[in-house]
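Please consult the sequence and the structure below while reading.

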Amino acid sequence: MGDANYENQVNTLKSLIEQGSTNADAFLQVGNHLRLSTDEERRIGGTISTVDAYFRNSNTFAVVDVVIGGSYGKGTALTGHHDLDVIVFIHETSPPESSLKGYKDATLDDLVMSCKNLALKVRKSRYTATGEVIKKLKAVSLKITDLKVDILLAPQFADKHSLYRHLLSLPPRKRNLLSAATCRIQKSFFDRVIPDPAQRDTLRAATRLAKLWRNIQSLPHKVNPGSYLIELLTLHAYQLSSLSSSSHNPPSVYQIFVEFLLVILSHSTLSVTWEEEYNVSPDYPRMSDQRPLVRDPANPFNNVAHRRCVADWGPVAERALLTLVHMNLHPDFIPRTTAATNTTTTSNRHDDDDDDDEDYLFRLVDEMASNNIDDDEDDIDIAVDYEYDYDDY
């Protein structure tokens with residue numbers, strides 16, 4: 001059912017774009033219809049209960065909490081195209097950086113054995129575990145009732161400030177080993193930055209629409225934006241759209257989607273930092289000269305838009321441009337440089353008065369495709385977050 005609905009929404013979105021539709025209700029319906037079905041929610045809920053109970057009763061790990069992360073945890077998973085990210089928080093804190101990799105490998109081996117036992121257990125229950133247990137870079141993957149489940153371990157810290165202090169003590173290339181520990185901060189951030197439940201629902205619908213658009217492009221993996229990056233770009237687009245809206249007339253899913261495409265077009269000058277969860281201090285890596293910059297609101301050491309996450313923005317920008325052309329939108333629609341509330345934003349979208357509109361757009365794409373980002377290894381982390389590695393589509 002989910003797969004058929006997903007394909008229907010693919011065809012609907014393609015049709016809306018090709019027709020140049022401005023029907024806000026139609027775009028909203030696509031975003032809402034991409035929500036998980038009741039059957040999918042029931043199946044996922046059963047899987048969550050099984051995995052949660054298994055690890056909370058574990059004799060291998062001293063489990064503090066089991067958290068559902070990723071797109072499902074934030075309410076932006078797509079019907080028929082989703083998986084499940086489960087983060088198991090354990091009492092053990094990470095050792096000094098000199099032995100961090102060995103610690104990670106040892107605990108991951110223990111996790112593999114635990115997941116094999118879990119698979120055996122669910123085979124004896126009403127569930128059916130299919131496929132082998134697979135050890136990945138930072139997770140262990142298995143299937144339960146055809147649902148891919150990625151299980152990650154994260155050390156428990158007293159609070160987020162303790163986590164940030166520990167990350168600060170590690171070399172940049174080793175901080176990503178603890179990125180799963182930020183999942184609770186990611187989830188709380190989206191609730192804090194959009195406190196109104198109705199507007200959070202609008203943002204989620206727009207995010208699902210943006211993810212569907214990303215999927216339709218069928219871009220190579222190395223240039224395909226991950227789900228967490230799509231969520232942050234859509235949030236940024238929502239905040240930009242809100243600047244021209246009022247509290248009585250908030251931005252529509254259509255407006256947010258168009259703004260999302262424009263954000264991608266302006267990526268060579270994009271700089272976004274949120275400070276709801278932390279204040280950027282001199283102790284954190286210098287990122288002010290990085291472009292594009294989408295500083296992880298849950299992890300001050302991570303640029304989610306770095307080229308290690310999207311190797312080349314040119315193909316993504318070209319698809320965004322073609323989509324805008326199909327939608328009959330032109331550069332005079334592009335808003336001037338703005339800054340969203342509680343968000344540091346730099347975005348040079350205005351063109352010179354003498355520029356021809358279409359030439360400007362194509363020059364912009366050429367500029368984006370050839371844009372080089374300075375890579376200062378002393379200041380820049382490996383911009384890998386757990387959701388980028390274990391993406392849901």
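In this predicted model, the largest nonpolar core comprises 77 residues. Phe-27, Trp-213, Leu-233, Phe-257, Phe-260 and Met-327 are the members with the most contacts inside this core. Helix 11 (residues 253-265) supplies the largest share of the core, namely eleven residues.

**Nonpolar cores**
- Another core, of 30 residues, lies apart from the largest one and includes Leu-36, Val-66, Val-133 and Leu-153.
- Beyond its neighbours within four places in sequence, Leu-233 is in contact with Phe-260, Val-263, Ile-264, Leu-270, Val-294 and Trp-313.
- In soluble globular proteins, nonpolar side chains tend to be buried together.

**Aromatic rings**
- The model contains eleven aromatic pairs.
- Tyr-278 and Tyr-284 form an edge-to-face pair, because their ring planes stand at 80°, where the cut-off for this class is over 60 degrees; their ring centres are 6.1 Å apart.
- Tyr-278 is buried, with a relative accessible area of 4%, and Tyr-284 also counts as buried, at 15%.
- One aromatic cluster is formed by Phe-27, Trp-213, Tyr-254, Phe-257 and Phe-260.
- Arg-184 is placed over the face of Phe-89, at 3.7 Å from the ring centre.

**Gly-314**
- Gly-314 belongs to helix 12 (residues 314-326).
- Gly-314 has a relative accessible area of 1% and is therefore buried, the limit being under 20%.
- Gly-314 and Ser-268 are 46 residues apart along the chain, and a distance of 9.7 Å separates their C-alpha atoms.

Key: Residues numbered from 1 in each chain as written. Predicted model: local features only at pLDDT ≥ 70, side-chain atom pairs only at ≥ 80, totals over all residues. Heavy atoms only, no water. Helix = DSSP H or I, 4+ residues; strand = E, 2+ residues; numbered from the N terminus. Buried < 20%, exposed > 50% of the residue type's maximum accessible area, 1.4 Å probe, protein only. Core = buried A, V, L, I, M, F, W, Y, C linked by side-chain atoms within 4.5 Å. Contact = heavy atoms within 4.5 Å. Phe/Tyr/Trp six-rings, centres within 6.5 Å; stacked < 30°, edge-to-face > 60°. Lys NZ or Arg CZ within 6 Å of the ring centre and 35° of its normal.
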